[in-house]
Amino acid sequence: RNLNILVEELNPNAVILGWVDSAGTSERINLDNPIVATLNQLGVVIVPTDHANNISVYAGLDKSNFKQTPALSNARTDTDKVHYATLIMEGGTSYSFVERGFVQTQAHLPFTYWNNDARGTIPMGWTLTPIMTDMSPLILNYLYKTATVNDQFVASLSGIGYNYSNILGTDMEDLTARGPLLQEHYKRTAEYMQGANMEYITIME
């Protein structure tokens, strides 16, 4: 009920910065985070920032044009005889992870991510929330400038905020508003993706 009260004070398609702990909640939907699912059903998305630092400082830095390193083409001409598999490292949905464990090497994490010596040896995708163009242009520029031709960034799970796309807006009081809500969500996502020089998006259901 508290979530409903919170969402009632927000505009449709609001983006919450923070995180919610689903421990001890009743799982009305069999998903990895039922509270996130509940927010999504009410028409709200979330960017995990619970361990982030200095967002207000980073957000005030220069928002210059962002340009990814052009990808190395591995396409074949006999396309009717081949299937392509794509390796994508998820984690960029969480701004906290990108700012801390992804960019920086931390002893408590089991892997080294962006600073791994093997990065760039094979073609690979990396998810990022495209709203980083507003939240942290400094980190986004760093990642783009240090990427190899085998590193490409794609928009993280379902757009500018973490959400299950198949249930976004399904518990809104006025269900006739769900169509416009979805259109607005993906319109804003497309605008942010264009600003972040991203061509592809990952979708979660």
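**Close-ups of a predicted model**

View 1. Glu-184 sits in helix H7. Keep in mind as you look around that this is a predicted model. Is Glu-184 buried, partly exposed or exposed? Its relative accessibility is 35%, so Glu-184 counts as partly exposed; that label covers values between the 20% limit for buried and the 50% limit for exposed. Now find Asn-13: in sequence, Glu-184 and Asn-13 are 171 residues apart, yet their C-alpha atoms are 7.7 Å apart in space.

**View 2. A negative patch on the surface.** Which residues gather here in a patch of negative charge? They are Glu-8, Glu-9, Glu-173 and Asp-174, and the patch lies on the surface. Let's pick out one of them, Glu-173. You'll find Glu-173 in the loop that links strand S5 (151–155) with helix H7 (178–195). Glu-173 counts as exposed because its relative accessibility is 85%, and the cut-off for that label is over 50%.

**View 3. Three strands side by side.** Here's an open sheet with three strands in the order S3-S4-S5, and the pairing is parallel. Strand S3 (88–89) and S5 are the edge strands, since each of them pairs on one side only. What holds strands like these together? Strands of a sheet pair through backbone hydrogen bonds, and the pairing can be parallel or antiparallel. Zoom in on strand S4 (residues 124–128) next to S5: this parallel pair has five bridges.

**View 4. Strand S1 and its two faces.** Take strand S1 (residues 15–18) and check both of its faces. Which residues are on the covered face? Ile-16 and Gly-18 are, while Val-15 and Leu-17 make up the uncovered face. S1 also has a neighbour: strand S2 (residues 45–48) runs parallel to S1, and four bridges join the two. Look at Leu-17 again, and you can trace its bridge partner in S2, Val-47.

**View 5. Stepping back to the whole chain.** How many helices and strands are there in the chain? Count them up and you get seven helices and five strands. Follow the sequence along and the pattern reads α-β-α-β-α-β-α-β-α-α-β-α. The chain has 205 residues, and 43% of them count as buried, meaning that their relative accessible area is under 20%.

Methods. Residues numbered from 1 in each chain as written. Predicted model: local features only at pLDDT ≥ 70, side-chain atom pairs only at ≥ 80, totals over all residues. Heavy atoms only, no water. Patch = residues over 30% accessible without salt bridge, like charges linked within 9 Å, V, L, I, M, F, W, Y side chains within 5 Å. Areas by Shrake-Rupley, 256 points an atom, 1.4 Å probe, with all protein chains shown as cover. Salt bridge = Lys/Arg side-chain N within 4 Å of Asp/Glu carboxyl O. Lys, Arg positive; Asp, Glu negative; His and termini not counted. Charge placed at Lys NZ, Arg CZ, Asp CG, Glu CD. Buried < 20%, exposed > 50% of the residue type's maximum accessible area, 1.4 Å probe, protein only. Pairing = 2+ DSSP bridges.
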